[in-house]
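Take a look at the model below. The text after it walks through its main features step by step.

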Protein chains: 2
Amino acid sequence: MKSNTKPHGRLLYAQSGGVTAVINATAAGVIEAARAKGVPVFAARNGILGALREDLIDTSKETKAAIAALRHTPGGAFGSCRYKLKSLDANRAEYERLIDVFRAHDIRWFLYNGGNDSADTALKISQLGKAMGYDIRCIGVPKTVDNDLAVTDCCPGFGSVAKYTAVSTLEASLDVASMADTSTKVFIVEVMGRHAGWIAAAAGLAGEGADAPPHLILFPERVFDEAAFLAKVKATVERVGWCTVVASEGIRNAEGQFLAEAGTRDAFGHSQLGGVAPVLAALVKEKLGYKYHWALPDYLQRSARHLASKTDADQAYAVGKAAVEYALAGMNAVMPVIVRTSDAPYRWKIDPAPLAKIANREKKMPASFLTRDGFGITAAARRYLAPLIQGEAPLPYSKNGLPQYVALKNTAVARKLEPFAR
Amino acid sequence: MKSNTKPHGRLLYAQSGGVTAVINATAAGVIEAARAKGVPVFAARNGILGALREDLIDTSKETKAAIAALRHTPGGAFGSCRYKLKSLDANRAEYERLIDVFRAHDIRWFLYNGGNDSADTALKISQLGKAMGYDIRCIGVPKTVDNDLAVTDCCPGFGSVAKYTAVSTLEASLDVASMADTSTKVFIVEVMGRHAGWIAAAAGLAGEGADAPPHLILFPERVFDEAAFLAKVKATVERVGWCTVVASEGIRNAEGQFLAEAGTRDAFGHSQLGGVAPVLAALVKEKLGYKYHWALPDYLQRSARHLASKTDADQAYAVGKAAVEYALAGMNAVMPVIVRTSDAPYRWKIDPAPLAKIANREKKMPASFLTRDGFGITAAARRYLAPLIQGEAPLPYSKNGLPQYVALKNTAVARKLEPFAR
């Protein structure tokens, strides 16, 4: 491709998996970079499902200001999905359908913005060119609050939930500290992270030293040890006067059961998912007799664009921009990843990495990031985590006191094919 | 008192009840106003208990910068308490002790910063002068996230939790909207408010119109109607594709039971307090079969200084300043209250109101603020609520990405009395 010729064809962008506070910043990076090159961008509504359904959005109908506002708008502006393509052998019809849709709309580049599963989907699509004779370049674009993608130093979306978690832990702890004499002594925050404790670890940035909150962090990487947990809570309350606990939703007991499922039953006798905090609170009350409170921010933590990290928002935009550059340069089956070149001062750059090294892998916390007792983070963890929450990414508020989040028009592209019957 | 003479004696300030994101802004208003008049300020550690225990803090040991930083620091800087004084007849010894402590430290003005119960305590202390022959002026200073104090148009602390709730509801709803096609269809946020639905109502500011979130608000002022709730959730999901519900922790069924206590049992068979959201979620799953998520921000909502309302932060400071002015002017048994003089543009002023009209009363939401079906707020409610979340109150962040919250030295005043044995 010559650099002074307008590239031929369209670029398709789609969002996948759980959304984040900054995934739309990536979308802004993609669309602004493509517009600068004169390449039209379609977006698939609800991720890969939009491609299968030929449910496409024409982003050229959006104003420059609307695309710029994506940079500070949480959620997934084009809709996302949880849907994993099967292998080519197992469901060839789906891949043929994708090729049909790509061909009908002259899609030459496909950018899939997601986590592990989405990298797998992107990798499969990147192989379609050879397998099925349609020339398509596919770039995976990283995104996940779980921070568990391989190769990349960190994942866009994580820095902001990390900042939210650290700040919220600090703020709620100031509240608990002032009331502990006559009220709550133990406060438990449950955070996301079913398999990896990155978000819980980030709460550790709220304070440093044995007396600073959070006093205990519970990681899915460690088996929950009830006796050790209770002993440390008790010692903390006796020494400090109160205790803040941050628990990953994914902690398990020695039998491998999720704590969230092991105890509590709802009104219908079903095990109550997504609630390890109340289980821990009941334990504290039963065994130690302390007054407790617990919080479960759930989606609030991953959508809190109002408290985004500047590092994270910048990186989210940068991977979108880089993905377009890689695609237009003819690269295929790669992902723009974040490479850390210095801890302090923090410096990073974007480089391409093969999707084959990323798809379906999962990066857990290194053992060296957890303290010996398993309830805290080490200096090495702080060195890694600290830069990711640095900087604020302020957003415009309207007169009514709410953030000015944009709602796109999301104009549908006219369909050219028959509906897809799976 | 002549205006050009330095007043004689000390002022004692104490924080009471659940703390807020802006109660320390009131403390800053008190201390800065008193310093300007040359009046020394002691603070009682942990509210009225500090006065009973002669556990006093000398605020003159704090720098000007530290006091100024209170204006953006959440929690209760001097500690708070949940402790209600009995009547003079029932526990005369406590009142005698207070007089002893006041006399020993030349306390001539007592400012008690809290809600209904604290206004009652302040009122009782204001009557000590006549009853027990010690000249003390007592001013109640308003504070409560519950917004349920009588007389005042609104309560410092409420505007910020209202803003947090509206913004969080909006952000999480953008998340849910983008995932609804293949994931969560119903999202439930549980907010504070055991008796009055002010905080839940504030979530209604997140959007306007039948299709905008929150689609249902559940108020403690209305009996929970399971059939109507399920029908509206179902209709919303069928029309919009997803549904956001905001529920007050205090909603009750027709039998008068808290929903949070009526259903769920924890691992030990105890009823699970503070969790109406999981009960509603289980109901949605059981009766409608929709995938759900729920959030319970708990203390996060009332300590979120990072998202404070400017209106609220300004009012919190103003009531502290006014309380000092009233006290030094010789007023007694009053509270500086917020008087709304205009809705749009929003204008307010501070006036003194008798504590006797405030103590132990509770302001519920007017019926005219709830829509006919009981699941939303009316235009009248919007007119009242909207100004309270207006404006942002930015705070300084350190290089590490955390807010720069101040920790005071809280230097103890030397004790002059024997310990108080109740």
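This is a predicted model: local features need pLDDT of at least 70, side-chain atom pairs count only at pLDDT 80 or more; totals for chains, interfaces and linings use all residues.

Residues are numbered from 1 along each chain as its sequence is written, chains are lettered from A and ligands numbered from 1 in the order in which they are written, and side-chain values use heavy atoms, with hydrogens and water left out.

Start with the two chains. A rotation of 180° with 0.0 Å of shift along its axis places chain A on chain B, with an RMSD of 0.0 Å (least squares on the C-alpha atoms of residues with pLDDT of at least 70 in both). That is how a two-fold axis relates copies. Of the interface residues of chain A, 100% are also interface residues in chain B, so the copies meet through the same surface.

Now turn to a sheet in chain A. Four strands form this open sheet, in the order β7-β8-β6-β9, with parallel pairing. Strands here are DSSP runs of E, at least two residues, numbered from the N terminus; two of them pair if DSSP finds at least two bridges between them. In chain A, β7 (216-218) and β9 (292-295) stand at the edges. Each has a single partner strand, so one side of each is left without a neighbour in the sheet. Strands β6 (residues 186-191) and β8 (residues 243-248) of chain A pair over six bridges. There, V189(A) stands opposite V246(A) in β8(A).

Is G18(A) buried or exposed? G18(A) is buried, with a relative accessible area of 12% (buried means under 20%, exposed over 50%, partly exposed in between, with a 1.4 Å probe and protein chains only). Not counting residues up to four places away in sequence, G18(A) touches R82(A), K143(A), R302(A) and M179(B) (contact means heavy atoms within 4.5 Å).
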